[in-house]
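The sequence and the model are shown first, and a description follows.

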Amino acid sequence: MENYEAEQWRAVDIRIHTEKTYGNPFQDVDVFGIFEGPQGEKKKLLAFWDGDGCWVVRFAPTAVGAWSYTIESTDSENLDFTGSGTVVCTEYSGSLDMYRHGFLKVSADKTYLEHADGTPFFWLGDTHWTFVTEEKFDSSNCPKYDSQFRACVDKRVAQKFTVYQCNFRDGNTDGFFGRNLDMMHQREDGTFLPDLQIFQENVDKKMKYLADAGLYVAVGYAWGFDMERHSVERYKAMAKYTMARYGAYPVCWTLAGELPGYMGDLEENTRLWGEVAKECDKWNAYDNLQSVHLACRRPFPKIYEKEPWLDFVMSQAGHGDYSMEQTMYEQFREMYQGHPIIESEGMYEMATSGELSSRSITPAMMRRLAYLIMQSGGCGYTYGALGVWEWQEEAGVGGIGWGDLAWYDGLELPGAGQLTILRDLYEEVNWSTLKPLPEEKAETKSFFMHVENRSKIFFTGNADMSTVVGYMSESSMREFVLRGLTAEKYEVFFMDPETGERTYIEGGIQPVQGEWNYKPDLSFGTKKDKVVVLRKM
């Protein structure tokens, strides 16, 4: 066996060749790389079959130093699957946070995600459900770009997005949610074999490009209802193979889309996909985080909440299908105690909303939901742009009818840049220390006796109330009072979340017995969403 070099957290491929042939090389034999690190760390990685008698162990060293490895397999008579070698790991020399700080895990207090070294990870995602089935890696119909796929990735990286949300869409079906591919062929004997052409010529290039860009790939195997068309064994095979092929990249597995679904035997559908999740967990050598993309309902679906493999939860607030109030996230936290929460799908920009008015979703509508999840104790928001989330080659060509916009125009919509402002602000105020403030500490005032949930101002603060953040939507522009303020004096600014422009209260404010009462200017033309920030001086 050969010796290799790799930077910390960056994948290296160890290729193993055999002259022996197998009836089904994917399912007749399992090949493993057994690694031991400089401090005694151990990893057992499943190799993936890559055609022509080749198996590949994809390994990303998690610690600097020399890693020894041996190769073994379930076919003890095949001596091609034996041997040993070394991978020498050096410190990562680049600037990408994913490799400077390491892969992701759940924080100790189970309220957010963090890197291996404890650095908080801000989830800011962009949605690409058709990244395998439609998106073009080597071509573009827009003269500005050589590659449609790379153009989208590069744009979002420049805008400080951290997550690429997608779906393999395996299953060889066409339906309401568009085309799937037959990535796992079912043979006459009932076994499955991956379509290497799709993986090698399509998926591999995209997954590596995303990894090299430092993006965290949140990927599902199919839509939840695809289980009704195919067997659970198909998706267990898919989970095993993709875990081996891509598990050494910065990736989390989101199981399937729209679970538990909207019709049919939802309980059985949930049970079968749960088996797939356990199969994923079985081969999860890097402890890649696992979750599930939930259906859009009120209350949010409650599934898998007690499963040990479920690391964090992904709500789907929808696109105006239901009301969006802080109480929905409060209920969600109660349903999934001990799990960080992320908004995985809501208010895709310029898509047609589910509201009675059927209007296009504006940046203001999207912003309200993005700030709502963060102010409600969440740890991230996943964006979607019309023309991009469900790829449209040109206006009216492609997509599933939620609006007409070419992908290259959708890529330039203003909402994504406003989310850059959102991320910058929250990282500036050390967002992972902020928790939702109760009514007794942050009260929205009104001329009337009662303030509806939709009209409340959402406040968060850290443990000693030295930092407080509030978000006021257009409908919640009201007087408020903050209590329990501990500092003698606070710097206070109001930020326009559309532009990032800040307006400071000159000289700051001095709470009176720990209280500060604020009355906004409600004159005509001033009613626009704002963020207010208080910081101890």
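## A cysteine in a loop

Cysteine 142 is placed in the loop that lies between strand E12 (123-128) and helix H2 (148-158). The model is a predicted one. Is cysteine 142 buried or exposed? Its relative accessible area is 7%, and because buried means under 20% relative accessible area, cysteine 142 counts as buried. Leaving aside residues up to four places away in sequence, cysteine 142 touches Trp407 and Tyr408. Between the C-alpha atoms of cysteine 142 and leucine 215 there is a separation of 24 Å, the two residues being 73 residues apart along the chain.

## Helix H3

Helix H3 covers residues 196-212 and bends by about 45° at valine 203. The N-terminal end of H3 is capped by aspartate 195, which has a side-chain oxygen 3.1 Å from the backbone nitrogen of glutamine 197. Several residues of H3 are buried, including Leu196, Phe199, Val203, Met207 and Leu210. An α-helix has 3.6 residues a turn, so residues three or four places apart point the same way. The buried residues of H3 also include Asn202, Asp204 and Lys206. After H3 comes glycine 214, with a positive phi near 80°.

## Strand pairings

Strand E8 (residues 83-90) pairs with strand E1 (residues 4-7) in the parallel sense, over four bridges. In this pairing alanine 6 stands opposite cysteine 89 of E8. E8 is also joined to strand E7 (residues 65-73), here by seven bridges and in antiparallel fashion. Threonine 70 has serine 84 in E8 as its bridge partner.

In soluble globular proteins, nonpolar side chains tend to be buried together. The largest nonpolar core here has 167 residues, of which Val87, Trp123, Phe168, Tyr221, Leu255 and Trp273 touch the most other members. Helix H4 (residues 232-246) supplies the largest share of this core, namely nine residues. Another core lies apart from it and has 20 residues, among them Leu437, Leu485, Tyr490 and Ile509.

## Aromatic pairs

The structure holds 48 aromatic pairs. Two of them are set out below.

| Pair | Centre to centre | Angle between planes | Class |
|---|---|---|---|
| Phenylalanine 35 and tyrosine 69 | 5.5 Å | 35° | tilted |
| Tryptophan 516 and tyrosine 518 | 5.6 Å | 40° | tilted |

Phenylalanine 35 belongs to strand E3 (residues 31-36) and tyrosine 69 to strand E7, so their pair ties together parts that are 34 residues apart in sequence. Phenylalanine 35 is buried, with 2% relative accessibility, and tyrosine 69 is buried with 2% as well. Tryptophan 516 and tyrosine 518 are likewise buried.

Ring pairs also link a number of residues into a cluster, including Phe26, Phe48, Phe131, Phe137, Tyr164, Phe168, Phe199 and Tyr249.

Terms used
Residues numbered from 1 in each chain as written. Predicted model: local features only at pLDDT ≥ 70, side-chain atom pairs only at ≥ 80, totals over all residues. Heavy atoms only, no water. Pairing = 2+ DSSP bridges. Helix = DSSP H or I, 4+ residues; strand = E, 2+ residues; numbered from the N terminus. Core = buried A, V, L, I, M, F, W, Y, C linked by side-chain atoms within 4.5 Å. Buried < 20%, exposed > 50% of the residue type's maximum accessible area, 1.4 Å probe, protein only. Contact = heavy atoms within 4.5 Å. Bend = angle between axes of the 7 residues up to and from the residue. Polar contact = N/O pair within 3.5 Å; in protein donor to acceptor, adjacent residues only side chain to side chain. Phe/Tyr/Trp six-rings, centres within 6.5 Å; stacked < 30°, edge-to-face > 60°.
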